[in-house]
Amino acid sequence: MDSIEALRSTLLIGPELALILTGLIVMVIDALIKGKAKTELFWIALLGLAVSFVLNLERFHQVSSAFAGALSLDEFAAYFNIIFIVGAFLAIVLSKDYIAKMDLRANEYYALLLFSTSGMMILSSAKEFMSLFLGFEIMSISVYILSGFNRRSTRSSEAGIKYLVLGGFASAILLYGIALIYGASGTIFLDEIAKRFDINNPLYLAGTALILVAFIFKIGAFPLHQWVPDIYEGAPMAVTGFMSVGVKAAAFAILLRVLFEGFSQLETSWTQVLWIVSVFTMTIGNLAALTQISIKRMLAYSSIAHAGYILVGVVAAYGEKKLGLSSVLYYLFSYTFMNLGAFGVLTYLSMKGRECETLDDISGLWVKKPLTAVALGIFMLSLAGVPPTIGFFAKYRVFLSGVRAEFYWLVVIGILNSVLSAYYYLRVLVYAYMREEKVEFPSFKPISAVALTILTIGTIILGIFPFYSWDLALKAVDSFLLALQAR
Amino acid sequence: METIIFYVFAATSVIGSLVLVSHKNPVASALSLVLTLFSTAVLFILLLAHFIALIQVLVYAGAIMVLFLFTVMFLNLRDESLRFDAVKVPVKLGILSLLLLISGYFIFIGFKKIPPLNTMVISHPEPFGTVEGVGEVLFSDYLLPFELTSVLIVVAILGVVVIAKRRFD
Amino acid sequence: MTVTIEHYLVLSAILFIIGAYGVIVRKNLIIVLMSLELMLNASNLAFVAFSNVLGDLTGHIFVIMSITVAAAEVAVGLAFVVTIYTHHETLNIDVLRMLKG
Amino acid sequence: MIAWIILAPLFGALINGILFASGLSRRFLGGSEHEEKRIVGIIGCGVVLISALISSFLFFKLEALHPQQKEIIQELYIWIPSGDFAARFEFLFDSLSCVMTLVVTWVSFLIHVYSVGYMQEDKSYSRYFTYLNIFVFFMLVLVLGNNFPLMFIGWEGVGLASYLLIGFWYDDPAKATAGRKAFIVNRIGDFGFILGIFLIFFVFGSVNYQEVFKKAIDPEFMSAIPGVVVTTIALLLFVGAVGKSAQFPLYVWLPDAMAGPTPVSALIHAATMVTAGVYMTARCNVFYSQSPTAQAFVVSVAAFTALLAATIAITQNDIKKVLAYSTVSQLGYMFMGVGCGAYAAGMFHLVTHAFFKALLFLGAGSVIHALGGEQDIRRMGGLRKFLPITFITFLIGTLAISGVPLLSGFFSKDEILSALYERGYTIHWLIGLITAVLTAFYMMRLYILTFGGKTRMSEEVKHHIHESPYSMAIPLLILALLSLIGGYIGIPAFMGKILEIHDSNLFEEFLGSSIFVKWVQPEEYYLFGHWTLVEFATIAAFLGIGIAIFMYLIKPSLPETLAKVPVISTLYRGSYAKWFVDEIYGVAFTRTFIVLSKDLLWANFDVTIIDGAVNGVGSIARGAATLLRTAQAGILRFYAALMALGAVAILIYMVVSARF
């Protein structure tokens, strides 16, 4: 790669660069300006994300690849980038008041969120294992730190170290898998690997399995799901929200990319694995969520269950490539709104030094803060998949693709599971609407309120008018499949 | 000659790693990790990866190990705070043998079918494995990962600052 | 008897397994982190061995990256170790049981 | 245009809900509570008036259309366009939905106006109007939707609104329980309904009315479908109707639903929502007309319900309970009508019933309001002196429901009874006649005990008694007028001919374009002619009224004397205890659930709605959850070990599945 190519590539990764640079600017300004409350940093971070968003939109018009094929800047990646950027943007907006309430260090917080997002964006477009691994680590390590960000809190630190150790374990497995694949094929580029793939070579099989395991860990699916509830519960609320949407989406992005572009020859095999994984993930997530008293932990289990539903789409892609994949993309998009919204409400309701966590903490919400209660209700209904919210449409798409691909049992189990899940989502509403007030609620905070309003409206409006986002998902998948066929 | 060197250092690395996971004292464990890493570095040289061997010794055995030892000293860990009852011996043996059995399955049954890249290459054309060769590839084909490591390091620095700053402000 | 790629792979697999074993059985947080290093190191060995056979330097570059990642992980991990120690006065990971259920 | 009928109440609900019920306006705009209530009232009533006016306008537009194409369709928005399951927000304004819409909007409007006065003192005034508007919105979606999913959305929505309004005063646990009961019982019905929709989709490949019905009347298409399928569809849909329209055995929720505010009982639990099942049956007339089995089933259930409810109503002492059982009974009449294929007759009774039952409930509300919450008729009596307007209007309502000639109830009830007779349901016709006697009896009894005779009120209550404000009195008068003359829209053809008003039944003719299978009267010999049937019905009405007057006005000691006769006293006690149906259900279902949940499963949680619903699967789920929690003990090493195990399992599975 000559220097002109390097320059061209650098220009092409504008969205990622924008975030990294903004992160650095935030750090530098933090060092230069004295004083504690630095509101400017908040706006700078948002500006950086906005710039990145706009630059990212350009990718829908022009598909390109950068760094000698290391990054594929296609619509598929751009779609995921929208999820990451929107997620990070709203997470930052939601965090502002939370950071003040919990007395955290805002500057590092924003910078880490930005870096983490840039890692996700690299991940979504990586077509080569080295960039993939580094993107994976940038994202992961940032999130480890964010999980343990509230170091005064024993629980937060515990979450951080647990995440780091288990995540490190998964990274090691990933690295070993990559090593085996490299050894078998002699390359780390996905296209080349697909060309040289040989089912009879056990190195490929073992490598594929190990890489799959690492991704299953990151999406928080059975049998590597156990970290999810602990870390989600311990991490600061705003981070949990971001983590549950961003990291999950990124993990799915790379799962799809690697499995379909790199290991498509083993499709039957890993589809079988994911079928089993999906069934157990949904069921275990929902069952464990049933008896939770802590809403935060309940949402953690529910996020495991949702990973299971999304996997239905991945499995369905076995028979229905386009429909299955786009339903996965769409689900992740919709999940960003509803889950970030649910965590956003809890973030919003957190008092100084005490998070709003258990069911008792929200009882009587309807009487004291009716609008927040309505927002919470909408998010819960959406998570439960009640029409006309976005959550319904997403579930409908996923299950429909499952039916089309003739995975009837999987869909039946999925539907039974989502019926089961309605119980614990509605229980939250029973507490919020029909119980006596038990605790104090914080006063009105305009900035967080704006974020919640956006999320609420998004959840409803995108549910009633799902086509624009759905068409976008179809388009993204089209570009992805086109690239697959072109080989 | 290569064979003997391989077996000697393979053995030391395995012994080092076994000591690492079984010794009670973290200082001893850290030192045995150095042993393992050093033996691996020798194997790297055997594999004509001179530059990597150098980095292995400098960064891994040097910097990272120092970090470990520094933490142990910094926390001023006394013996009693380090000696907790580990898992019972039969359980340990069970876990280890289970894991080895599984890897054995792949080693003896799975790896038999690896296609024809059986013997190691004793020598490669000159730039292979040297600073020049690795640098050439690193700054051309893998420019992006290289740049990304800088972001990774920034993240790590930030993290350490946030998490481990002395006072809770 | 010449040394073949299998020898290196077996060695790397053994080191990897021992590292995983360390993560699973050890209670001392610092040793758990060291075991993670061992696992990464095992992967590095596999990379370099493959690199040699293939005559391709990609494996070497990957090792550099993985060492960087290992360093970053360890740095952050040890920072957490310090925090954990100030909270609990011990590095026994079994005391980290506030989050459960 | 059609969309605005639906959207107006939605906007009303949104404005009232977001601005007032949430307390935003008080926080930001200020204003006294009184002013706020006025604005809320004006918005709440205004939006419904808008709907009513638009629907009236559309009615004239519809009238002008050709008789064969009497329908206006508006496609608002396509929700899920691709795939077989195209979900379209499409609204249909044909003669059937026109009738329903007119009734719903105008009766709603009157009840909204009434509520302004009735709820004036309530602290959750704006919440009340929000719920009421939400109800109207969903009811209109139900009625105007052009496909089954939309009907289902409306169906669930009105259920939700009803649940919210029954439990409106949720501080009172008994009332919250009533709301819960309605919720659970309705879920049973909904289950059948949604299965029916799935089956329709499965058989006809569509959920759109036009497409489904077009195929369903196509003999070629239907010849390929076994008759049992159509019967199953019809019966599944009827299960839904049984839940929503309170037929046996699911009627138990309706009397308890009287826990809500009285205007709510009038609107939702008498005039509109509970008739949704009748509307749905009439809408799906294709299926019923093609399945004699389903028809016989529907008519039998309906006849049984009508009789059962009437026998309970004759002994109840709570003014609203009597009206509630009367509603169940009258709904039975409607189902007898639509069930035997006389869809127009059933719909006609639906309309007149909406008038006089709303009137009766509002009158009862007026009484309760005046007496400061008293509902027991044993402590009333002689109210005609104190509440003149209520007295007159209530009397009109009583006579109308009893079937006194020339009032609205007379025409519609007679229409149903003669249809039953003419179509060969002689036994059902007889049951209908007996029920008519009972109806006249218990309504007259209610009327006499409330307004007639000497007063049995305490002095304190008598002191506070007052006639209702205008906002309550005017709706009463209008509804009374409608109960008087409302029947003339559907004068039977044979009467019309003789009276030289019109050659045919106007109402039936109007509905004709929505009823696909026409019934041709066989040229058989009937024992009784039209006029004879009318005479029977008239005699039944006067017989019931006469007995009631004799027992409660002329010889007030008679009931007590009768109560001493052994057989009658047993029957009396059985009827008074509602034939122990609630208790039987309680033992059979509820008690089992409670025992299971209290002692075994949900020991730590109080039984909420959803708890009640999932307790069946609860034990398994809870056991599994406990197991999972044990695995989730927080021990890092354990997690790592399980991760390794999982990784190994996946590894082995992959290798094995790929190699073998």
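Angles under 35 degrees count as roughly parallel, over 145 as roughly antiparallel, 65 to 115 as roughly perpendicular and the rest as oblique. Keep that handy for the first exercise. This is a predicted model, where local features need pLDDT of at least 70, side-chain atom pairs count only at pLDDT 80 or more, and totals for chains, interfaces and linings use all residues. Residues are numbered from 1 along each chain as its sequence is written, while chains are lettered from A and ligands numbered from 1 in the order in which they are written.

**Exercise 1.** Work out how H6(A) and H3(C) are oriented to each other: roughly parallel or roughly antiparallel?

*Solution.*
- Two packed helices are described by the angle between their axes and the distance between the axes.
- Axes are lines fitted to C-alpha atoms, for helices over the stretch in contact, and angles run from 0 to 180 degrees between N-to-C directions. Helices (H or I, at least four residues) and strands (E, at least two) are DSSP runs, numbered from the N terminus.
- For helix H6 (residues 129-147) of chain A and helix H3 (residues 58-88) of chain C, the angle is about 0° and the axes are 11 Å apart.
- H6(A) and H3(C) are therefore roughly parallel to each other.
- Residues are in contact if their C-beta atoms, placed from the backbone, lie within 7 Å. On H6(A) the contact includes A:Phe133 and A:Glu137, and on H3(C) it includes C:Met65 and C:Glu73.
- Sorted by class, this contact has 12 nonpolar, no polar and 2 charged residues. (Ala, Val, Leu, Ile, Met, Phe, Trp, Tyr, Cys and Pro are nonpolar; Asp, Glu, Lys and Arg are charged; the others, Gly among them, are polar.)

**Exercise 2.** Describe the side of chain B that touches chain C.

*Solution.*
- Count first: 70 residues of chain B and 63 residues of chain C take part.
- Next, find the top contributor: H3(B) gives the largest share of chain B's side, 11 residues.
- Then sort by class: chain B's side has 52 nonpolar, 16 polar and 2 charged residues.

**Exercise 3.** Sketch the build of chain C.

*Solution.*
- Chain C has 3 helices and 0 strands, running α-α-α from the N terminus on.
- Its C-alpha trace spans about 50 × 25 × 25 Å along the principal axes.
- Chain C has a radius of gyration of 17 Å, whereas a compact globule of 101 residues would be near 13 Å. (This is taken over C-alpha atoms; the globule rule is 2.2 Å times the number of residues to the power 0.38.)

Definitions and conventions
Contact = placed C-beta atoms within 7 Å.
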